[in-house]
Number of protein chains: 2
Amino acid sequence: MSRGTVSRVLNGGRYVSTAALAAVQRAVVETGYVANSSARSLATSRSGAVAFVLTEPQERLFEDPNFHVLLRSCTQALAERDLVLMLLLAGSAAEHQRVLRFLRGRHVDGMLLVSTHLGDPLVAEASRSGLPVVAAGRPLGHEHDVRSVAADDRGGARAMVEHLVARGRRRVTTVAGPQDTSGGVERLAGYFDVVGRRARAVDVVAADGWTHAAGERAMARLLEQVPDLDAVFVASDLMASGALAALRRAGREVPGDVAVGGFDDSRVAVQVDPPLTTVRQPLVEVGRRMVDLLLAQIAGEAEVEPAVLPTELVVRAST
Amino acid sequence: MSRGTVSRVLNGGRYVSTAALAAVQRAVVETGYVANSSARSLATSRSGAVAFVLTEPQERLFEDPNFHVLLRSCTQALAERDLVLMLLLAGSAAEHQRVLRFLRGRHVDGMLLVSTHLGDPLVAEASRSGLPVVAAGRPLGHEHDVRSVAADDRGGARAMVEHLVARGRRRVTTVAGPQDTSGGVERLAGYFDVVGRRARAVDVVAADGWTHAAGERAMARLLEQVPDLDAVFVASDLMASGALAALRRAGREVPGDVAVGGFDDSRVAVQVDPPLTTVRQPLVEVGRRMVDLLLAQIAGEAEVEPAVLPTELVVRAST
DNA sequence: TCCTGATCTGGGAGCGCTCACACTACGCAG
DNA sequence: CTGCGTAGTGTGAGCGCTCCCAGATCAGGA
């Protein structure tokens with residue numbers, strides 16, 4: 001039995017007699033043989049691993065459940081294709097350098113880029129390196145050279161604001177997300193789509209982060225600027241939980257005095273009181289599609305159309 | 001300039017002249033050379049990667065912030081030593097098989113085992129395989145053959161129950177965690193340490209999961225069994241947030257009617273209303289120590305003493 | 001002067017695979 | 001009977017490193 005035959009069996013078994021195939025398979029089971037991955041990588045120049053790169057400072061990562069849903073969904077989708085996920089953090093400058101060195105070392109076959117900000121140098125470097133890359137969310141400033149998968153942020157925001165208006169609310173305000181991220185920009189655009197000419201500058205406060213605390217701060221400021229507001233669309237559930245805290249502290253009833261709408265339909269939406277009306281983002285699907293796009297790119301397929309997945313309004317007690 | 005010299009420079013530079021060293025370093029910078037990791041792995045039979053294995057069904061992973069703190073801390077600690085973390089899920093039987101095959105293929109130099117249950121076959125396999133392994137939390141049934149790092153669950157629980165008693169509460173009950181996990185068992189033991197002879201069977205309800213929903217269910221049952229309870233120690237913050245919901249639904253004021261103590265000091269502790277008195281688990285430190293122990297084991301050091309890290313009572317408004 | 005040991009360099013061997021190609025055997029059409 | 005295509009097998013080469021040994025150079029002591 002030659003090495004070549006064994007290798008053929010292990011890689012799909014074309015041009016192998018049934019006798020040889022059975023013999024090899026039996027031997028594999030008996031000896032518990034597992035191919036050495038480094039040797040295989042060296043010979044094929046494919047590592048079987050994909051990097052999942054988080055460009056985000058500590059606080060958000062600790063807090064935001066969205067990342068974890070995405071992380072899990074990507075891990076699973078990769079595992080189904082016998083690929084493994086390597087988790088890389090690129091929050092600080094030092095980490096950033098390490099990630100770049102790592103990618104250049106061709107440890108991985110591709111890269112999933114999560115939560116990028118406008119001007120993030122990693123996006124530019126990634127697109128320049130020639131390594132297959134797929135971003136979660138529209139990569140601001142690199143829409144044309146980096147493939148991406150995103151939820152329909154703008155459409156979802158529009159649906160939410162329309163819902164608030166349909167509930168009879170007169171003064172619909174918004175706590176927007178950070179404006180250097182695609183989610184922040186798009187969801188605010190959706191708000192303006194509906195509010196249109198009636199929009200006033202004071203009705204909008206952009207939070208300085210996607211966190212609970214940032215949502216609380218932004219809501220407090222919004223209450224100062226617009227004391228008679230009766231509805232607020234908050235650009236994420238986590239920020240909305242902070243907004244609820246600010247409203248409670250100000251003595252406003254939800255939804256009696258103020259209707260609150262969130263975004264994401266993450267688990268915090270049902271853990272707060274009252275449960276949040278929100279916009280469901282199909283994050284599990286986003287993860288799967290990211291993996292699909294990445295594998296297509298690794299295989300050399302040339303599709304560049306970014307994927308945009310539909311969102312869905314989920315009505316609960318807060319509006 | 002020979003390959004040998006270059007290799008020597010790249011690996012610490014013993015027995016290299018300063019001239020050669022400078023020349024190689026310059027060349028590396030100029031050409032942007034990065035060593036190929038598969039080739040290096042093949043030659044050294046070290047992969048530079050460590051597996052982070054989650055043995056847990058979907059729901060908990062989505063919910064519990066503890067995992068993410070641990071995940072991040074391990075990722076960071078590994079990165080500082082130029083190692084990379086591979087995330088593996090072993091929730092279902094199929095995933096389980098894949099993980100085993102993966103480990104046997106020597107893709108990784110070691111394994112961090114998180115959230116194991118009593119009777120988990122992965123623990124047995126891991127300890128048998130000879131691959132360096134460190135578990136988070138005492139690995140029930142394998143305390144002597146698998147190294148571990150854990151917080152002082154029992155001591156922390158004791159401090160919390162003592163605190164409730166010191167607050168003048170007469171009927172201190174507990175929502176315990178699942179009894180097939182070390183956290184569940186140890187924290188309940190800490191409760192009994194304080195309550196001692198006065199303990200009654202009806203005062204204890206073990207939840208069937210570590211989730212918000214499980215905490216809510218368990219609390220509802222506890223209220224049925226002990227209508228006059230005036231304090232409850234809940235074995236995790238996430239479950240405590242569920243317990244708060246159940247108490248609110250039953251019309252009980254917190255902390256007026258019922259004092260509620262949690263465990264973990266995760267971010268949910270400060271996001272619920274009222275903020276939870278809880279027990280801080282040094283999870284970041286746990287992650288670092290796990291990595292330390294694992295690297296020591298990989299290096300062949302023989303220490304087997306499991307690490308137990310101190311906890312700390314954090315008093316907030318719920319008690 | 002010669003020997004010894006320390007420092008440094010070069011190159012062969014080998015890590016465990018896959019790939020490409022040469023080769024055999026065999027069936028079937030011309 | 002010859003030629004040709006196809007299924008199946010064996011083998012050399014090579015992926016890009018590290019390890020190890022042989023050899024060169026040089027300083028310092030006998």
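Modeller: The helices named below are DSSP runs of H or I with at least four residues, and they are numbered from the N terminus. The model is a predicted one.

Where the chains meet, 37 residues of chain A are in contact with 37 residues of chain B. Several elements of chain A each supply at least two residues to this side, namely helix 3 (37-44), helix 4 (58-63), helix 5 (65-79), strand 2 (84-89), helix 6 (93-104) and helix 11 (237-249). Helix 5 of chain A provides the largest share, six residues. Sorted by class, the side of chain A that touches chain B holds 13 nonpolar, 14 polar and ten charged residues.

Strand 2 of chain A also pairs across the boundary: three bridges join it to strand 2 (residues 84-89) of chain B, and the two run antiparallel. Within this pairing, A:Met86 has B:Met86 as its bridge partner.

Turning to the DNA, 23 residues lie around DNA strand D, and A:Ser2, A:Gly4, B:Ser7, B:Ala39 and B:Ala43 come nearest. The most, five residues, comes from helix 3 of chain B. The surface near DNA strand D comprises eleven nonpolar, nine polar and three charged residues.

Terms used. Residues numbered from 1 in each chain as written. Chains lettered and ligands numbered in written order. Predicted model: local features only at pLDDT ≥ 70, side-chain atom pairs only at ≥ 80, totals over all residues. Contact = placed C-beta atoms within 7 Å. Nonpolar A, V, L, I, M, F, W, Y, C, P; charged D, E, K, R; others polar. Pairing = 2+ DSSP bridges. Near = placed C-beta within 6 Å.
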